[in-house]
Amino acid sequence: MINHPISYGHQLITEEDIQAVVETLRSDYLTQGPRIPEFESNFAHYLGCRYACMVSNGTAALHLCAMALGIQPGDKVITTPITFVASANGFRYLGADIVFCDIDAKTFLMDFDKLEEILKASPKGSYKAVVPVDFAGYPIDEERLHQLSVEYGFKVVVDACHAPGGSWTDSKGEKQMVGNCKYADLSVFSFHPVKHIAAGEGGCITTNDKDLYEKVALYRTHGITKNPNRLTRSDGGWYYEMQELGYNYRITEFQAALASSQLKRLNWSITRRNEIAKRYDEALKDLPVKTPYRADDIVHAFHLYIIKVDADKRKGLYDYLREHNIFAQVLYIPAHMMPYYKRLGRKEGECPVAEEYYKHCLALPMYPSLTDEEQEWVIEKVKESIFANI
Ligand SMILES: *Cc1c(COP(=O)(O)O)cnc(C)c1O
């Protein structure tokens, strides 16, 4: 019997993490010191991309990507309805017209066949950007999307907030880390506590494109630069220029220190999450429950472990788990069904697979510090609820 609450996701803070933050608090910098470029360099190295730009949160990262791509009011941008609303909002801030492309029933990722249908229906160049999501930690096929982007002329921003440490295999059989941007213009990450790297708040943009990197770095801090190569003149050592209208989307030193300390455990986290997933798979395989699909040639980052149950059993299961202090979660309510996006013309019925998914989905507790005992407890309660309902 377990008495404490078990959430669908939870951060792990070790003594080493605490030491890293304390050290920063005792140092000369609380913001804009050496810890931020240190994390950026380690993260870029880990992923295998050229540039990383750390920002205050994942939503800010998406907003800055939209700015760097020059999104204008009315520009059409395609994303998936099964995501946290920030994937769409980051582009909406600039007035983009958000189009939702339905998901694949098996992977719950944006369905690239449907995407192609949407693209084909309009003249080339009609869509400025496509923002797929590595939903739940399942990496999208960036290579296929890249081919489509060449054919139809759009930019690719991968919302990789669920999938740092995940990887997929390209057509040459080469392993590609999520976020390495080999086939994408930009990728974004979040360091919110439920995500793999928990820094309180935080985000990061990765790219191999120098120009895009310089843009997001400039917009991150008011559009202000002191870089001598960029200044239009120089009046002396104090001189800086505000060259664009940017934001204060900076992150602090102590968040960067915490993120760096957590990055060291990312591989362990992915391994542990996959072990937990396997245990769930095994335990639930004979129940009327659908466990998450994954292809053999990907490494799933398992931000979420999502099961599908009968639509008429889902609420009962959710409530039963809650009664036992298990906070499973329904993720996500399709974004196109949100009142805000409905006011902009999106309609229920336009993404039927996503809408069907929403009726069945439930994210069970999934985080690396979930103990075997806790997981057994969750499994037991899932079984009790399902058998009571059969
Ligand atoms: C968490 C998340 C974000 C936003 O990140 P924040 O750091 O909370 O702003 C964006 N997209 C997805 C898919 C996310 O899960």
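The legends below describe close-up views of a predicted model. Local features need pLDDT of at least 70 and side-chain atom pairs count only at pLDDT 80 or more, whereas totals for chains, interfaces and linings use all residues. Residues are numbered from 1 along each chain as its sequence is written, and side-chain values use heavy atoms, with hydrogens and water left out.

**View A. The largest nonpolar core has 123 residues.** Such a core is a set of buried Ala, Val, Leu, Ile, Met, Phe, Trp, Tyr and Cys residues joined through side-chain atoms within 4.5 Å, where buried means under 20% relative accessible area (1.4 Å probe, protein chains only). Phe91, Leu115, Phe135, Ile205 and Leu364 touch the most other members. Helix H3 (residues 58-68) provides the largest share of this core, eight residues; helices (H or I, at least four residues) and strands (E, at least two) are DSSP runs, numbered from the N terminus.

**View B. Surroundings of Phe91.** Leaving aside residues up to four places away in sequence, Phe91 is in contact (heavy atoms within 4.5 Å) with residues including Leu62, Ala66, Ile71, Val77 and Val157.

**View C. A cis peptide bond joins Leu331 and Tyr332.** The omega angle is about -5°, and Tyr332 is found in the loop between strand E14 (326-327) and helix H11 (339-343).

**View D. Positive phi at Phe108.** Phe108, although not a glycine, has a phi of about 70°, and it lies in the loop between strand E4 (97-100) and helix H5 (112-120). Phe108 is buried, with a relative accessible area of 10%.

**View E. Positive phi at Cys181.** In the loop between strand E8 (175-177) and strand E9 (186-190), Cys181 has a phi near 60° and is buried, its relative accessible area being 4%.

Conventions: Buried means under 20% relative accessible area, exposed over 50%, partly exposed in between (1.4 Å probe, protein chains only).
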